[in-house]
Amino acid sequence: MAARLAEEWFAICGGCEVTILDIGEPLLDLLEKVQIVHMPVLMDHKLFGQTGEKTEMEIPEADVGLISGGIRSDEHKRLAQEMRKKCKTLIALGSCACYGGVPALGNLYSTEELLTKVYRESVSTDKNGFPCEEVPILTDRVYAVGEVVKVDMSLPGCPTTPEMVAGALTALLEGRPFPLSTKSVCDECPTIREKKAVSTLKRRLDAVEFTPGAPLNQMRCLMEQGFLCNGPATRSGCGGSEGTPRCIRAYMPCEGCFGPLSEKANPMVDMMGALSSIGLDPKQIPDRAATFNRFSGAGRLRPAPKR
Amino acid sequence: MSETELCDVETSGESGGWEPLILTFCCYWCAYTGADLAGTSRLQYPTNIRILRVQCTGMVHPNLVIEALTKGADGVLMLGCHPGDCHYLEGNLRARSRADAISLMLEDFGLEPERFRLEWVSASEGPRFAQVVTEMVEQVKKLGPSPYRT
């Protein structure tokens with residue numbers, strides 16, 4: 001019998017759903033083994049019954065539940081709890097669900113400040129009241145799904161990789177565990193490291209030095225070239241079976257989308273410590289909290305205290 | 001030091017009011033010996049500090065300072081050899097460059113940068129040790145309890 005699959009999306013762009021589609025040919029084999037019972041992005045299944053006859057949000061029973069996106073509103077919170085209740089195994093899909101992702105950069109401000117900026121202070125906006133009718137109440141900050149309900153499996157990445165989604169679902173259907181890599185992006189990066197300290201930072205717009213057409217193991221480490229690269233404090237795995245991290249393949253420094261190496265780690269503290277140890281003036285680093293915790297803001301970023 | 005350990009050594013004043021708890025990293029070669037001298041010289045200084053002896057201030061990663069402050073310490077004091085005197089040549093210079101990063105990051109954690117202080121105390125500077133500790137305790141008392149204290 002096919003395993004029943006439910007999917008729900010919260011504060012997210014939808015890229016992780018595209019990743020599911022991006023699995024390619026293996027998706028055909030996978031689809032034979034699963035039956036999708038709930039997936040707002042794909043099918044018309046209403047939460048309050050097809051004619052709106054129910055008073056509570058309801059999701060059908062499922063074996064596997066996928067949740068993408070962080071929790072930003074009361075509705076998300078309740079849906080997450082409903083998903084937990086109805087799904088035997090719950091998977092956090094993508095960095096937003098795992099660590100808050102890009103929407104969690106909003107945690108640098110209070111919800112009140114965000115609403116004021118958007119509905120009152122923005123130059124192009126007429127000063128209006130905050131929307132309050134028939135819209136869910138915003139939570140005080142963006143939460144990772146794991147902060148609200150127990151999550152059985154996490155698939156980080158922005159977006160996560162097709163290989164990982166297929167691998168995790170297959171492992172789950174066959175009853176095998178699917179552990180995440182415990183290495184850092186640097187461990188899988190093929191570039192040359194000479195351990196020479198950087199003294200000045202380059203901007204993202206500056207050109208990376210490399211020989212076009214030459215393999216990556218002939219390129220100098222981007223951090224040593226002066227670009228801020230989140231590799232040292234980021235979990236590896238984005239490269240899939242090929243190994244080489246995705247951004248490095250495109251001659252770009254790591255953005256940190258696979259999140260911290262462990263649940264308790266704070267990439268900002270790790271990176272600031274590492275960079276200041278090699279002699280870089282920490283004041284040079286622009287917007288450190290958002291730069292290093294760009295994808296892991298849930299529980300790590302907080303509004304600046306009022307002085 | 002784990003969370004529970006830090007709570008176990010929590011101080012309370014004679015009046016039962018709040019007393020700051022300050023974690024102090026002392027380097028083995030200078031500051032710890034300086035602290036020892038302060039003790040053997042019978043110098044008076046507040047009892048709010050908890051000394052952790054480390055081999056060198058250069059081995060104290062910002063992680064440790066941030067963790068102490070977010071798990072209940074009201075302040076962190078880091079004491080090492082004077083620049084140029086480091087037993088490991090440049091460990092204290094490394095600590096100094098990290099100290100800037102720590103002060104910056106404290107704001108991101110909603111803490112006052114004054115809760116962290118890096119000072120140089122040599123093995124012969126017992127009185128200086130007592131003075132630095134007294135100053136730090138007074139400063140933290142002015143700031144009040146850490147918001148992370150439960």
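The model is predicted: local features need pLDDT of at least 70, side-chain atom pairs count only at pLDDT 80 or more, and totals for chains, interfaces and linings use all residues. Residues are numbered from 1 along each chain as its sequence is written, while chains are lettered from A and ligands numbered from 1 in the order in which they are written.

Helices (H or I, at least four residues) and strands (E, at least two) are DSSP runs, numbered from the N terminus. Two strands pair if DSSP finds at least two bridges between them.

β3 of chain B runs parallel to β4(B) and is joined to it by five bridges. The table gives two facing residues.

| Residue | Opposite residue in β4(B) |
|---|---|
| B:Gly80 | B:Trp120 |

Four of the five residues of β4(B) are buried (20 or more other C-beta atoms, placed from the backbone, within 10 Å of their own), so β4(B) is largely enclosed by the rest of the structure.

β3(B), helix α4 (residues 91–108) of chain B and β4(B) form a right-handed β-α-β unit: with the strands pointing away from the viewer, the path from the first strand over the helix to the second runs clockwise.

Definitions and conventions: A residue is buried if 20 or more other C-beta atoms lie within 10 Å of its own, exposed if 12 or fewer, and partly exposed in between; C-beta atoms are placed from the backbone.
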